[in-house]
Amino acid sequence: MAVMENENRVWKLFVTFFKIGAFTFGGGYAMIPLIKEEVVTKQHWLEDQDILDIIAIAESTPGPIAVNTATFVGKKTAGMAGAAAATGGVILPAFIIIYCLSFVLRQFEELAVVKYAFVGIRAAVLVLIFQGLLSMYKACPKGKMEYLLMAFAFVVTAFFDVNILIVILVCALTGLLVNGRKQS
Amino acid sequence: MNILLDLFLTFFKIGLFTIGGGYAMLPMIRQEVLAHGWMTLEEIVNFIAVSESTPGVFAVNISTYVGAETAGLPGALCCTFGVTLPSFIIISILAGGYEAFQESTIVKGIMSGLRPAVVGLIGAALFSVVKTVFLPDGLEINPGQFGVSLLVVVLSLLIRFKKKVHPIVVILLAAAIGIAAGYLGLLG
């Protein structure tokens, strides 16, 4: 009986996260309200506080927020099988859509009208990235170390094309040395 | 190296070393994809627009696309699997005892260095996108293209900051301006 119930949950996780993956445009943060609605309000798998914890964890671990959140909810709800089902579910719609698009996108880009359109579109994407940068800047705590690291990361990547791995390791180490031993 | 293995390992690395949402993955994708010659920066920027207009997250979308373009379905599977796997492993382990992880001063210290790093890195990625948009041919300015780009940037900024319209609306408007300019012969 318990096995049946767990199987049922795993399938439900897959379907729920497939739906979330299929109906969210634009990324991980856009997914949070939908995840809350499905997982907390409808299915009662988790509580509001869990969602807040998940966001905090997803932000401070590697990888896309959407994948982190799906894995976390799946694991909490139905163990490893649940984690695999939720993660697979959230990825699959994007995978199918982009894989199908990949056959036509290149040819499509050759058309004059599309080339013209993309001249405009690239400038709009620039603004979208700028806004992403702005919201990350606002969310980042500010102090001497933070400004120094921002400037360091910007300059060595933009002007010297230093390997980003090295930049990340240097900044992580700096943070660890400056703040890692303080008792909070 | 075997191309599939190369794709898998590269995207595994990207997944493992990108922290944060939104465009946090862009700097590393840009550097790796350009270094391997899998796409040009212009193609990546075009693809961001496609990604914003289709369901799903940028990370999965671009991984699938780079893989499919480079090595078909097996390539797409390798990239998407690779970019997802680090998160999957780490979160599966952490889901049991994340309170300890959240409270850890070591994690807090590392994060205090990584947050500003990501801001600087995205700033650098934006810098290279600005160069591609305004100076696609090096220092030779194409006045038509420069003007159209400037118009779109100013309009998009006005629209996005005044009203919270969806990115797709901005992309469609920008496309219309680009097409109009193209058929008026302004793009040369």
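Residues are numbered from 1 along each chain as its sequence is written, while chains are lettered from A and ligands are numbered from 1 in the order in which they are written. Because the model is predicted, local features are given only at pLDDT of at least 70 and side-chain atom pairs only at pLDDT 80 or more, whereas totals for chains, interfaces and linings use all residues.

**View 1. Overall architecture of chain B.** Chain B has eight helices and zero strands, where helices (H or I, at least four residues) and strands (E, at least two) are DSSP runs numbered from the N terminus. Read along the sequence, the pattern is α-α-α-α-α-α-α-α, and the C-alpha atoms of chain B fill a box of roughly 60 × 40 × 30 Å along the principal axes. Of the 188 residues of chain B, 52% count as buried; a residue is buried if 20 or more other C-beta atoms, placed from the backbone, lie within 10 Å of its own, exposed if 12 or fewer do, and partly exposed in between. Among contacts in chain B between residues at least 6 apart in sequence, 61% join residues at least 24 apart, two residues being in contact if their C-beta atoms, placed from the backbone, lie within 7 Å.

**View 2. The side of chain B that touches chain A.** In this interface, 89 residues of chain B are in contact with 88 residues of chain A. Helices α1 (3-16), α2 (26-36), α3 (41-52), α4 (58-94), α5 (98-103), α6, α7 (143-162) and α8 (167-183) of chain B each supply at least two residues of the side that touches chain A, and α6(B) gives the most, with 25 residues. By class, this side of chain B has 57 nonpolar, 27 polar and five charged residues, with Ala, Val, Leu, Ile, Met, Phe, Trp, Tyr, Cys and Pro counted as nonpolar, Asp, Glu, Lys and Arg as charged, and the others, Gly among them, as polar.

**View 3. Packing of α6(A) against α6(B).** Helix α6 (residues 144-160) of chain A and helix α6 (residues 105-134) of chain B pack at an angle of about 35°, with their axes 7 Å apart; axes are lines fitted to C-alpha atoms, for helices over the stretch in contact, and angles run from 0 to 180 degrees between N-to-C directions. The crossing of α6(A) with α6(B) is right-handed, a term used if the near helix is turned clockwise from the far one, and left-handed if it is turned anticlockwise, by less than a right angle. Residues of α6(A) including A:Leu149, A:Phe152 and A:Thr157 meet residues of α6(B) including B:Pro116, B:Leu121 and B:Phe127. By class, this contact has 13 nonpolar, four polar and one charged residues.

View 4. The 14 residues of α1(B) should span 20 Å at 1.5 Å a residue, which agrees with end C-alpha atoms that are 20 Å apart; the expected span is 1.5 Å times one less than the number of residues. Within α1(B), B:Leu7, B:Phe8, B:Thr10, B:Phe11, B:Ile14 and B:Gly15 are buried, and what covers these residues includes α2 and α4 of chain B. In α2(B), the buried residues are B:Leu26, B:Pro27, B:Met28, B:Ile29, B:Arg30, B:Gln31 and B:Val33, which pack against α6 and α7 of chain A together with α1, α3, α4 and α6 of chain B. After α2(B) comes B:Gly37, whose phi is positive, near 70°.

**View 5. Domains of chain B.** Chain B is divided into domain 1 (3-134) and domain 2 (138-188), with bounds that come from an automatic or database domain assignment. The C-alpha centres of these two domains of chain B lie 27 Å apart, and five residues of domain 1 are in contact with five residues of domain 2. Helices α3 and α6 of chain B each supply at least two residues of the side of domain 1 that touches domain 2.

**View 6. Selected residues of chain A.** Most residues other than glycine have a negative phi. A:His44, in the loop between α2 (28-42) and α3 (48-59) of chain A, has a positive phi of about 55° although it is not a glycine, and A:His44 counts as exposed, with 8 C-beta neighbours inside 10 Å. A:Asp161, in the loop between α6 and α7 (164-179) of chain A, has a positive phi of about 50° and is partly exposed, with 13 other C-beta atoms within 10 Å.
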